[in-house]
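Dear colleague,

Please find the structure below, handed over for your files.

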Amino acid sequence: MKAKNNFRHPVWSRSASIYEVNIRQFTEKGDFESFREHLPRLKNMGIEILWFMPIHPVGEKNRKGSMGSSYSVKNYFDVNPDFGSLDEFKSLVEEIHTCGMYVIIDWVANHTAWDNNWVDEHPNWYKKDDSGAIHSYIYDNGEELEYWDDVVGLDYSNSELWDAMSDAMKFWVREINVDGFRCDVAGLVPTAFWEKVRSDLDTIKPVFMLAEWSSPELHRIAFDMTYDWDLYALMKAILAGEKNVSDIEKYLESSKEIYPQHAYRMLFTTNHDKNSWDECDTVLYGDAFRTFAVLTLTLPGMPLIYSGQESGLDKRLAFFDKDKIDWKDFQFADFYRDFIRLKKQNPALWNGEYGGEVKIIKSNAKDVFSFRREKDNNWVAVLINFSTHTQMVECGCYYPATELEPLEYKIFTSSKDKY
């Protein structure tokens, strides 16, 4: 049985959507000032939370590629000089707030660059091998060992590290006024540390915390939101013909049993990892991109849009080198804007406990997934045809008999709007 929880999310997060900013690849210059020019269109799309991939200086020792991994942090108290200055980022945060949006920054607490000053100043804060030497981080992903040669692992058995890392995070909230953090490989760091940090940060102001992990216990005190890897994997399996729409209902039932009602889950068709290491949208989804994106925009959880998706991201962005996004004509900007606006206006689609639960609508049509969400007399009914042939969908209630073209979706709402 799930325990009751008094977790309180920031009020502004309850109906929000999130956008991941890959500063390095966003513009030709790849800096804060160039990104600033995109704020009006992101505001117009309805984005409320901007998540910036790591903005810190990147380590040079054992650097991968020409630019290194942004997750190899050299200094927790400064920004990558390629992006601009600390004052420029602070000014950008102020402008984002003026636009009515919020800022979370990527935080890498599990490991640092080899040339982070802590390595020399506090070697006892790092993991060591049997000979007592600091070594490159080795990650067991459950299938094989990954050797992260450009970073070294932090040792959280040392209480001094807890205070130092907490102080570093507090700096960004207190001095730069960021609104929270996306915490890299959060499950590799003790949950008790994150719970301490959340308590420390909330004394400054209410923050929003996103964990790159999916463990339910992270929602107890520390995190507002975790990754929904399961939905992403399910969508890939449906595309491959290994699963079908009935498995979506099973996934929803399982999630409801595992996660507390208040938990936000982050839903996505891609993110920086999946794009760079798996495949781009056009290859993975093809003509079915909108079809699967609708799931992430209407199921319980907060939808993520990754840099470039509003223009049909059609390549795998390089992770360690410059590889500018081709913005083309923003072909999906209106698509995202319409759904984000619907989410904002209709509480049935709000996040966590603030939105409505899913009620499956049974119909006569195979390979059509239909569901309804309702909250305070507001409702949304969603029909999605995952098949490659036209179907007439009849359920006897909620909506009239409806014809769906291959891969087509239709949305009915309490306000009588249709999408």
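Strand S14 (residues 378-385) and S17 are joined by five bridges and run antiparallel; here strands and helices are DSSP runs numbered from the N terminus, with E and at least two residues for strands, and H or I and at least four residues for helices. Within this pair, Val382 has Ile411 of S17 as its bridge partner. Two strands are said to pair if DSSP finds at least two bridges between them.

The model is a predicted one, in which local features need pLDDT of at least 70 and side-chain atom pairs count only at pLDDT 80 or more, while totals for chains, interfaces and linings use all residues. Residues are numbered from 1 along each chain as its sequence is written, and side-chain values use heavy atoms, with hydrogens and water left out.

S14 and S17 belong to an open sheet of four strands, ordered S12-S13-S14-S17 with antiparallel pairing. Strand S12 (358-360) and strand S17 (409-413) are at the edges with a single partner strand each, so one side of each has no neighbour in the sheet. On average, neighbouring strands of this sheet are turned by 20° against each other, direction ignored. Helix H12 (residues 289-298) lies across strand S13 (368-375), S14 and S17, and runs at about 155° to S14. Such angles run from 0 to 180 degrees between N-to-C directions, with axes fitted to C-alpha atoms, for helices over the stretch in contact.

Strand S7 (residues 180-183) pairs with S8 in the parallel sense over four bridges, and Gly180 stands opposite Phe208 in S8. Between S7 and S8 the chain passes through helix H7 (residues 191-202), and this β-α-β crossover is right-handed (clockwise from the first strand over the helix to the second, with the strands pointing away from the viewer). S8 is also joined to strand S9 (residues 225-227) by two bridges, and these two run parallel; Leu210 has Met225 of S9 as its bridge partner. From strand S8 (residues 208-211), Phe208 and Leu210 point one way and Met209 and Ala211 the other, all of them buried (under 20% relative accessible area, 1.4 Å probe, protein chains only).

Finally, helix H8 (residues 229-239) packs with helix H9 (residues 246-258) at an angle of about 170°, their axes 11 Å apart. H8 and H9 are therefore roughly antiparallel (over 145 degrees). Their contact (heavy atoms within 4.5 Å) involves Asp230, Leu231, Leu234 and Ile238 of H8 and Asp247, Ile248 and Tyr251 of H9.

With kind regards

Notes. Parallel < 35°, antiparallel > 145°, perpendicular 65-115°, else oblique. Buried < 20%, exposed > 50% of the residue type's maximum accessible area, 1.4 Å probe, protein only.
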